[in-house]
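Trainee: I am new to this structure. Please take me through it, and tell me what each term rests on.

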Amino acid sequence: MDDVQNVTLPTIAMLGAGSMGRAILSGLLAPGVQVAGVRVTNRSEARAAELAGTPGVTAYATETQADANRLAVDGAQVVIVAVKPAMVRDLLAEITGSLAPGTVVVSVAAGVNTETMESLLPDSVSVVRAMPNTPAVVGKAVTGVSAGSRTDPDDLEVVRALFETVGEVVEVPESQLDALSTISGSGPAYVFLLIEALTEAAVQKGFTPEQAATLVNGTFLGASELLVSSGEDPAELRRRVTSPNGTTERAIAVLSEADLPALFARATDAALARARELAAG
Ligand SMILES: NC(=O)C1=CN([C@@H]2O[C@H](COP(=O)(O)OP(=O)(O)OC[C@H]3O[C@@H](n4cnc5c(N)ncnc54)[C@H](OP(=O)(O)O)[C@@H]3O)[C@@H](O)[C@H]2O)C=CC1
Ligand SMILES: O=C(O)[C@@H]1CCC=N1
């Protein structure tokens, strides 16, 4: 991701311009990324209209143009499906007749597996699943990608290049993609929850909301950068903050009572169970 210069991508159709669709679009439209063309569809006209003015983008709203999705995929080499999981099957049924042989359909939808999607599309179309996360907006996504049964290495390379425009890409077997989603797909929400909680504690201690945001956001950013740039074990970095018999030790003792590893295991198990419900349709 550090060098997205000279990336050339084929014509892409993005179906669904919600949180995730727009986050991916921000990477595709970044300087240095050459895309043969970008077509975007969205159900509501308001969001499509916001994007319609973007240079290089053609936007359609299904609300006002019934064949918007079919128009967008016609001639596109890569189709990104970024609607809610419950809508994926209907959307694929809608576009199946408009896909050219060799098109790569990439779904970012949680749960819905490639076998289901392949069964709804022609044999000549390859299906890939991707699980990005919202830091794509700032070029810091982590995206898991998994090939379907009809995906050849070139297809996967295109998908990798596409998601590298918004961050890092990790290839995993599809059997692990829902688990990956519970970690990095949902992960930004866990981090924001921790930030919200620590900010609330700061405000309770008398800091203004602005001061609290500076203290907490700066601490998360600084700690993350320290972790990544030092390459050290987070447990060791934590120990360096925790002076023997000091203040942090008391705080960590309280936090440890909550058994955070067990709590995160339960939370991610719950997310995984939901992915399986979504897979069932
Ligand atoms: N949010 C996240 O962090 C992540 C989400 N995902 C996946 O991304 C997908 C989208 O999630 P998210 O962006 O959060 O959801 P949103 O509800 O924000 O986005 C979905 C978008 O799809 C549009 N839409 C609905 N039906 C159609 C249609 N038939 N044709 C074209 N557009 C349509 C909606 O339009 P309207 O303006 O009318 O609502 C909406 O803008 C989900 O499958 C989710 O599992 C994956 C990884 C992370
Ligand atoms: O909550 C969801 O279902 C999606 C998938 C991962 C992140 N957001």
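**Terms and values**

Mentor: The protein chain has twelve helices and ten strands. Helices (H or I, at least four residues) and strands (E, at least two) are DSSP runs, numbered from the N terminus. Residues are numbered from 1 along each chain as its sequence is written, chains are lettered from A and ligands numbered from 1 in the order in which they are written. This is a predicted model, in which local features need pLDDT of at least 70, side-chain atom pairs count only at pLDDT 80 or more, and totals for chains, interfaces and linings use all residues.

Trainee: How do you know what confidence the predictor has in the protein chain?

Mentor: From pLDDT, the predictor's confidence in each residue, from 0 to 100. The protein chain averages 95, and 98% of the residues score at least 70. The model has an ipTM of 0.99 and a pTM of 0.95.

Trainee: What makes asparagine 245 count as exposed?

Mentor: A residue is buried if 20 or more other C-beta atoms lie within 10 Å of its own, exposed if 12 or fewer, and partly exposed in between, with C-beta atoms placed from the backbone. Asparagine 245 has 7 C-beta neighbours inside 10 Å, so it counts as exposed. Its place is in the loop between helix H10 (234–241) and helix H11 (247–257).

Trainee: Is aspartate 259 buried or exposed?

Mentor: Aspartate 259 counts as exposed because it has 11 C-beta neighbours inside 10 Å. It lies in the loop between H11 and helix H12 (260–280), and although it is not a glycine, its phi is positive, about 50°.

Trainee: Why is H11 called hardly covered?

Mentor: Among its eleven residues the count of buried residues is zero. Of the 281 residues of the protein chain, 32% count as buried.

Trainee: What makes both faces of strand S6 covered?

Mentor: In a regular strand the side chains alternate between the two faces of the sheet. In S6 (residues 78–81), Val78 and Ile80 on one side and Val79 and Val81 on the other are all buried.

Trainee: How do you know which strands pair with S6?

Mentor: Two strands pair if DSSP finds at least two bridges between them. Strand S2 (residues 12–15) and S6 run parallel and are joined by four bridges, with alanine 13 opposite valine 79. S6 also pairs with strand S7 (residues 104–107) in the parallel sense over four bridges, and isoleucine 80 stands opposite valine 106.

Trainee: Why is the β-α-β unit of S6, H4 and S7 called right-handed?

Mentor: The term applies if, with the strands pointing away from the viewer, the path from the first strand over the helix to the second runs clockwise. S6, H4 and S7 make a unit of that hand.

Trainee: Which residues come nearest to ligand 1?

Mentor: Gly16, Gly18, Arg43, Ser44 and Ala109, of the 28 residues around the ligand. A residue is near a molecule or strand if its C-beta atom, placed from the backbone, lies within 6 Å of it. Helix H1 (19–28), strand S4 (38–42) and helix H4 (85–95) are the elements that give two or more residues to this shell.

Trainee: What do the records say about residues 174–278?

Mentor: UniProt places the feature "domain: Pyrroline-5-carboxylate reductase dimerisation" (unreviewed entry) there. UniProt positions are in the numbering used here, feature names are shortened, and annotations may be inferred rather than shown by experiment. The span is 83% helix and 0% strand.
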